[in-house]
Amino acid sequence: MRYAFVGLGHRAQMYVDALLGEWSDTGEIAALCDPNRTRLRYYLDRIGREVPCFAPEEFGAVLDLADAVVVTTVDAAHARYVVAALDAGKDVVVEKPLCTTAEDCAAIAAAAERGPGRLVVTFNYRYSPRNSAVRRLVAEGAIGEVTSVHFDWALDTVHGADYFRRWHRDRANSGGLLVHKSTHHFDLVNWWIADAAASVYAQTSLRFYGAANARARGLTGRPARARDAAGLGTDPFLLDLAADPRLKSLYLDAEHEDGYLRDQDVFGEGVTIDDNMAVLVRYEGGAMLTYSLNAHAPAEGYRAVLNGTAGRLELDVVERAWTPPHAAIDPTASGKEHAAGASERLVLHRHWREPEEIVIGNGAGAHGGGDALLLDDVFRGPSHDPLSRQAGYRAGVASVMIGVSAGLSAVTGAPVALTAGGTRRAD
């Protein structure tokens with residue numbers, strides 16, 4: 001397979017490295033597409049040979065060189081490249097979220113239906129052993145028919161804050177965290193219970209980040225960005241791009257070309273997304289989901305509880321038990337894998353029986369070995385998988401539409417109804 005890459009930020013590296021390493025026998029990198037020549041050069045150096053490079057307006061020429069396209073652009077641009085690639089008969093691998101609007105969901109679905117290309121949405125959290133274990137237990141009927149799910153996710157002031165200093169802070173780019181981040185979580189619930197949303201109601205607010213909140217708490221005189229700021233090295237909210245060679249090469253050294261600033265102040269002007277979100281979802285099969293996301297917590301992790309007619313599953317995950325004050329200053333300190341205090345626990349409660357702790361079998365690498373399983377599915381194709389972890393466009397649409405509908409509900413104050421499969425009704 002000849003693979004083309006469009007969008008060369010940090011997320012593209014996982015797929016590039018896969019084709020340079022363990023999955024090199026499955027295909028080759030045939031073309032690169034990005035508006036920034038410095039980032040193009042970073043990836044050329046990483047690949048170790050010259051590869052044809054193109055600007056976004058030359059995407060037609062990219063398609064001529066490729067059998068498949070890996071899309072890792074800004075979220076709002078996904079649909080443009082996904083539809084063009086599918087209409088050219090190419091396979092597509094696209095990072096979550098599939099897209100950011102209902103209109104883009106419809107355009108992608110139509111292109112996927114009319115063309116021969118295969119579309120894969122990379123929901124890597126499906127492959128994490130703990131989440132796969134929940135899917136298996138529910139499918140086996142361990143808790144009977146699922147009646148309700150409670151899902152609480154906390155992003156700490158390393159991970160959560162980072163969305164407020166880069167392009168995600170603008171809702172027009174990311175759709176907000178209910179689309180960009182929560183699409184992971186909504187997909188997990190959809191997949192766990194094998195159902196689609198019928199109605200969505202939500203409330204959201206911006207309570208911690210942004211200029212108005214900073215002023216209300218007396219945080220005045222903030223720098224517009226971290227570079228050359230007086231507090232760089234002591235303020236944990238200022239990200240020192242120069243301290244990390246990869247971030248420096250991809251962003252600090254590249255900003256002169258397109259003006260993109262990767263180290264904006266999280267308490268600055270221009271934040272149009274929320275940092276506290278609460279969502280209530282009714283599923284077609286009758287189950288209810290209560291979901292919350294907080295993006296300024298002192299620790300990172302999540303709790304998922306699934307109630308059923310025969311019992312209850314409780315999954316508790318601590319990904320980072322506390323936030324080091326130097327984490328933003330030294331990006332290498334922000335990794336969650338095997339962080340001090342990290343833990344996971346899955347407990348099955350059946351009626352009239354003692355609780356049973358389920359052993360989670362983790363593998364090597366990120367997300368308990370889940371990323372390697374994902375990459376194997378992407379580049380070698382899915383083997384027989386009773387858990388059906390590989391996600392196509394329908395799963396991508398279903399998860400995005402919960403987030404889009406939640407955003408609409410938060411603005412209007414009214415619930416939003418969806419049709420079968422998670423697409424919003426015209427009314």
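This is a predicted model: local features need pLDDT of at least 70, side-chain atom pairs count only at pLDDT 80 or more; totals for chains, interfaces and linings use all residues.
**View 1. Helix H1 packs against helix H2.**
Here you can see H1, residues 12-20, beside H2, residues 37-47. Because angles under 35 degrees count as roughly parallel, H1 is described as roughly parallel to H2. The crossing of H1 past H2 is right-handed. From H1, the residues in contact are Ala12, Gln13, Val16, Asp17 and Leu20, and they meet Tyr42, Tyr43, Arg46 and Ile47 of H2. Sorted by type, the residues of this contact comprise 6 nonpolar, 1 polar and 2 charged.

Is His78 buried or exposed? Its relative accessibility is 1%, so His78 counts as buried. Look for the side chain of His78 reaching the backbone oxygen of Thr73 at 3.1 Å. Leaving aside residues up to four places away in sequence, His78 touches Val71, Thr73, Val94, Glu95, Lys96, Pro97, Leu98 and Cys99.

**View 2. Helix H6 meets helix H10.**
This pair brings together H6, residues 129-139, and H10, residues 182-193. Their axes come within 8 Å and cross at roughly 30 degrees, and H6 and H10 are therefore roughly parallel to each other. On the H6 side you will find Asn131, Ser132, Val134, Arg135 and Val138, which meet Leu188, Trp191 and Trp192 in H10. The residues of the contact between H6 and H10 divide into 5 nonpolar, 2 polar and 1 charged.

Conventions:
Residues are numbered from 1 along each chain as its sequence is written. Side-chain values use heavy atoms; hydrogens and water are left out. Axes are lines fitted to C-alpha atoms, for helices over the stretch in contact, and angles run from 0 to 180 degrees between N-to-C directions. Helices (H or I, at least four residues) and strands (E, at least two) are DSSP runs, numbered from the N terminus. Angles under 35 degrees count as roughly parallel, over 145 as roughly antiparallel, 65 to 115 as roughly perpendicular and the rest as oblique. A crossing is left-handed if the near helix is turned anticlockwise from the far one by less than a right angle, and right-handed if clockwise. Contact means heavy atoms within 4.5 Å. Ala, Val, Leu, Ile, Met, Phe, Trp, Tyr, Cys and Pro count as nonpolar, Asp, Glu, Lys and Arg as charged, and the others, Gly among them, as polar. Buried means under 20% relative accessible area, exposed over 50%, partly exposed in between (1.4 Å probe, protein chains only). A polar contact is a pair of N or O atoms within 3.5 Å; within protein, one must be able to donate a hydrogen and the other to accept it, and residues adjacent in sequence count only if both atoms are side-chain atoms.
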